[in-house]
Amino acid sequence: MSGTHQLAVGWAVRFRGEPPSPDTLRRHVRARLADLPTLTHRVDEGPGSRPCFVPVPELDPREHVRELVIKDPRERWHSCLQDVLARPLPAAPRPPWDLWLIHGYGDGTGPPEYVLVFRIHHALEDGAGHHYVLRTLFTPRIAQQRSRRVADTSAGTSADTSAPAESGGRVSSRAVLGIAGDVARSLRGSGNWAVLRRPPTGKLATAVGTAATRRLVALSRDLDTDISVIFLTALTGAMRAVAMAEEERPAPLALLWPLTVRTGGERGAVGNYLTMLRLRLPCAEPLPLRRLASLSRQLEAGRVERRMRTSRALMRRAPLPMSLGTLRLLMRPRHASLTGTYFPAALPQPALGEARLDGALGLGAPLPGQLCHLTLLRYRSECTLSVVHDTAFARGADLPELWLAALAELEALV
């Protein structure tokens, strides 16, 4: 499934039931806009060529909520993503987001269903922001989380000035050293892996694989770890298989692992409230349990918590150019060839009218200069791996299957 690279991120969900009319969906979205500030702002260029968020007071849902009727049957609902991926986001002065209502892809023999695909420019929203939009649209109303200073927020890639002026917690010297080490490594590059150093084409493709949640829960319990580590251990095995298929010698591979620095009151605020942890996938290691041990050490709970707490505090206290500059260094493609994330979606009884949500996946985007982004989204009984890759990295299409094979290899050891 292919499309044009425009740093559009979001989610896709499947509902079981008759699809609403486009106007019904637009009225539903309009009724929730007061709680969704990311949908009522655009990104403009501010002083010093620094982007800033500008409110759009009069938003017409007809320019953002679209309908697509699929004429040919599809084997899986995931296949519908290709039909919207290449389409541009709404252009300025409109906010850069859209919501696609897709139906008609079934063969007519099963119960009715439809898909909603939400996309937004990454400058306006991070993964936690996507989750907030999903919850706000399809679950009973929750308390508004609009930031008081959202209209003055800078659109940089870190937590921004819309955040409350709180310190964010105590600064850990160990975490500061870790951040400094990651910045230093960003200047040296991410090592070998010729297959991931090809020039981007700007054309994106997606590939999807699904595993039962109970499998990953059982593995994490049996191996005394968590699903994040299981996900990355299997990904390491998948990337090792890619190297061997490309006749490359498997080597360690750097991956960016986003960490949220949002506080409870910032759940719906505009912008990216992120820091990045640089992980080293031990692809040269032939033994799966040793790969798991390495990743368990890197994602040790105390280390992750210190990085999040310290990053939050530094972003609140440091001058904005310094905090933005640091995160931009951490997100350089030379720093890491891949970005990966795991997100458990907590959605209490999501519905739209009489239809019930029963499938979900995340849509990431490779950072400029990268060729691949991977998201594992856990929703109820399924964990869905979505791979968004530049077509220059053709092996990205194989990653879901290779990941499932590496997961089975890990299961065989317990």
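Which residues line the second largest cavity? In this predicted model, the lining is made up of Leu81, Val84, Leu85, Val117, Arg119, Thr206 and Leu363. Helix H2 and strand E7 (113-121) each give at least two residues to that lining. Sorted by class, the lining of the second largest cavity holds 5 nonpolar, 1 polar and 1 charged residues. The space inside the second largest cavity comes to about 40 Å³. Searching the whole structure turns up 2 cavities of 30 Å³ or more. Empty space of this kind is found by rolling a probe the size of a water molecule over the atoms.

The next feature is a pocket. The largest pocket contains about 760 Å³ of space. Its lining consists of 35 residues, and Gly127, Pro258, Thr341, Tyr342 and Phe343 are the ones nearest the centre of the pocket. Several elements supply at least two lining residues each, among them helix H3 (127-138), helix H8 (301-317), strand E9 (253-260) and strand E11 (338-344). Strand E2 (8-16) and strand E14 (372-379) are also among these elements. By class, the pocket lining has 20 nonpolar, 13 polar and 2 charged residues.

In soluble globular proteins, nonpolar side chains tend to be buried together. The largest nonpolar core here has 49 residues, and Leu232, Met239, Trp257 and Trp403 have the most contacts inside it. Helix H6 (residues 227-245) provides the largest share of this core, with 11 residues.

Is Arg14 buried or exposed? Arg14 counts as buried because its relative accessibility is 12%, and buried means under 20%. Apart from residues up to four places away in sequence, Arg14 touches Trp77, Tyr105, Glu113, Tyr114, Val115, Arg356, Leu357, Asp358 and Gly359.

Ser21 is found in the loop between E2 and helix H1 (22-32). Its relative accessibility is 34%, so Ser21 counts as partly exposed. The side chain of Ser21 makes a polar contact of 2.8 Å with the side chain of Thr24. Ser21 and Leu101 are 80 residues apart in sequence, and their C-alpha atoms are 8.8 Å apart in space.

The peptide bond from Ala92 to Pro93 is cis, with omega near 10°. Pro93 sits in the loop between helix H2 (82-85) and strand E6 (97-103). Asp224 is a residue other than glycine with a positive phi, near 55°. Asp224 is placed in the loop between helix H5 (213-222) and H6. With a relative accessible area of 74%, Asp224 is exposed, because exposed means over 50%. Arg380, likewise not a glycine, has a positive phi near 55°. The loop that holds Arg380 runs between E14 and strand E15 (382-390).

Definitions and conventions:
Residues numbered from 1 in each chain as written. Predicted model: local features only at pLDDT ≥ 70, side-chain atom pairs only at ≥ 80, totals over all residues. Heavy atoms only, no water. 1 Å grid on protein atoms, 1.4 Å probe; cavity = no way out; pocket = protein on both sides within 12 Å on 5 of 7 lines; lining within 4 Å. Points joined across faces, edges and corners; volume = space filled by probe spheres on them. Helix = DSSP H or I, 4+ residues; strand = E, 2+ residues; numbered from the N terminus. Nonpolar A, V, L, I, M, F, W, Y, C, P; charged D, E, K, R; others polar. Core = buried A, V, L, I, M, F, W, Y, C linked by side-chain atoms within 4.5 Å. Buried < 20%, exposed > 50% of the residue type's maximum accessible area, 1.4 Å probe, protein only. Polar contact = N/O pair within 3.5 Å; in protein donor to acceptor, adjacent residues only side chain to side chain. Contact = heavy atoms within 4.5 Å.
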